Amino acid sequence: MIRHSEIQQWVGSLSAGDPKQGISAKSATVVIRAYGVLKGILDMARDDQLISRNPCERIKLPHKMPKKRTYLTPSQVLTLADASGEHRTLILTLGFCGLRWGEAAALHVGDVRSDQHRLHIRLSYTKTKDFEGEQPPKTWEIRDVPVPDQVMAAIDKECKGKSAGDLVFTDKDHGDRRIDQQSRLNHGWYARALKASGVPTLTLHDLRHTAASIAVSSGANVKAVQRMLGHQKASMTLDTYADLFDSDLDEVVTRMSKEIEKAKMDSQQQNQQQISNNLSKS
């Protein structure tokens, strides 16, 4: 029998490590992932009625430390795009629309809806040791992403002369084959663009975070950002980008202050009217 206390002790030992035995402490991400595997196994055992309850319930897990992110301004995104040469439109799309790299690499001309200013995200490109190709993303990641006018104009140029089944973004230096990510910062076209533009160093994936920050600063609410990025729940968007919504708190304070001031003025006017009415009666 596996006891609740034993699992809690196991989680604690993973987090703390054991220097005497040469076991290093594991990160919160690794601990939570290991716990998730064990919980899944015990959930199945419970469903098969091999155990009456899952001892993994109510386990205290380590907290992930939020990663410090680099957000580019709209001006910096434009500067980086201009320094990217033939990849200019790709940078604009990643930086202003928030697509994942695999989604951009699997974007077909038929997925571009210029009249609606939308990109229909229905596929994602994956390249691993065991698999390479396009496949449907998770259900909630299939979505329509809004596209600013300037970015849509650039995408339309990329699509000109292509058929609906053609890829939007290709590597023209290598016979229009599917574009390679080359997100490592020490070589490749992206590294050259970063150096030439002079913007803060960030990965191609970080441009997705930049798109989120620009959307929030433009006034988008959390549900709109959730749909744009393809998050399963709004809570995930809030957890990921809590720092971006700090300005919303300032706006709440400003609006509440205005409402209180208006209420004070209304109350003063009502009191003055009441006093005037009482004086006229006397």
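I took contact to mean heavy atoms within 4.5 Å. The model is predicted: I used local features only at pLDDT of at least 70 and side-chain atom pairs only at pLDDT 80 or more, while totals for chains, interfaces and linings use all residues. Residues are numbered from 1 along each chain as its sequence is written, and side-chain values use heavy atoms, with hydrogens and water left out.

**Entry 1. His 87**

I looked up His 87 and found this residue in the loop between H3 and H4. Helices (H or I, at least four residues) and strands (E, at least two) are DSSP runs, numbered from the N terminus. His 87 has 7% relative accessibility and therefore counts as buried; buried stands for under 20% relative accessible area, exposed for over 50%, and partly exposed for what lies in between (1.4 Å probe, protein chains only). With neighbours within four places in sequence left aside, I found His 87 in contact with Ile 179 and Trp 189.

**Entry 2. Helices H3 and H4**

I next examined how helix H3 (residues 74–82) packs on H4: the angle is about 155° and the axes are 8 Å apart. Axes are lines fitted to C-alpha atoms, for helices over the stretch in contact, and angles run from 0 to 180 degrees between N-to-C directions. H3 and H4 are therefore roughly antiparallel to each other. The cut-offs are under 35 degrees for roughly parallel, over 145 for roughly antiparallel and 65 to 115 for roughly perpendicular, with the rest oblique. I noted a right-handed crossing of H3 and H4, that is, the near helix is turned clockwise from the far one by less than a right angle.

On the H3 side, the contact is made by Pro 74, Val 77, Leu 78, Leu 80, Ala 81 and Asp 82; H4 contributes Arg 88, Ile 91, Leu 92, Gly 95 and Phe 96. I sorted the residues of this contact into eight nonpolar, one polar and two charged. Ala, Val, Leu, Ile, Met, Phe, Trp, Tyr, Cys and Pro count as nonpolar, Asp, Glu, Lys and Arg as charged, and the others, Gly among them, as polar.

**Entry 3. Helix H7**

I found helix H7 (residues 188–197) mostly covered, with seven of its ten residues buried. These are Gly 188, Trp 189, Tyr 190, Ala 191, Ala 193, Leu 194 and Ser 197. Their cover includes H3, H4 and helix H8 (206–217). After H7 comes Gly 198, with a positive phi near 75°.

**Entry 4. Salt bridges**

A search of the whole structure gave me 13 salt bridges, each a side-chain nitrogen of Lys or Arg within 4 Å of a carboxyl oxygen of Asp or Glu. Arg 100 and Glu 103 meet in one of them, at 2.7 Å from N to O, and both residues are buried. Arg 100 also forms a salt bridge with Glu 141, with the closest N and O atoms 3.5 Å apart. This pair links distant parts of the chain, 41 residues apart: Arg 100 is in the loop between helix H4 (88–97) and helix H5 (101–105), and Glu 141 in the loop between strand S4 (132–135) and strand S5 (143–146).

I then recorded the salt bridge of Arg 143 with Glu 103, at 2.9 Å between the closest N and O atoms. Arg 143 lies in strand S5 and Glu 103 in helix H5, so the pair ties together parts 40 residues apart in sequence.
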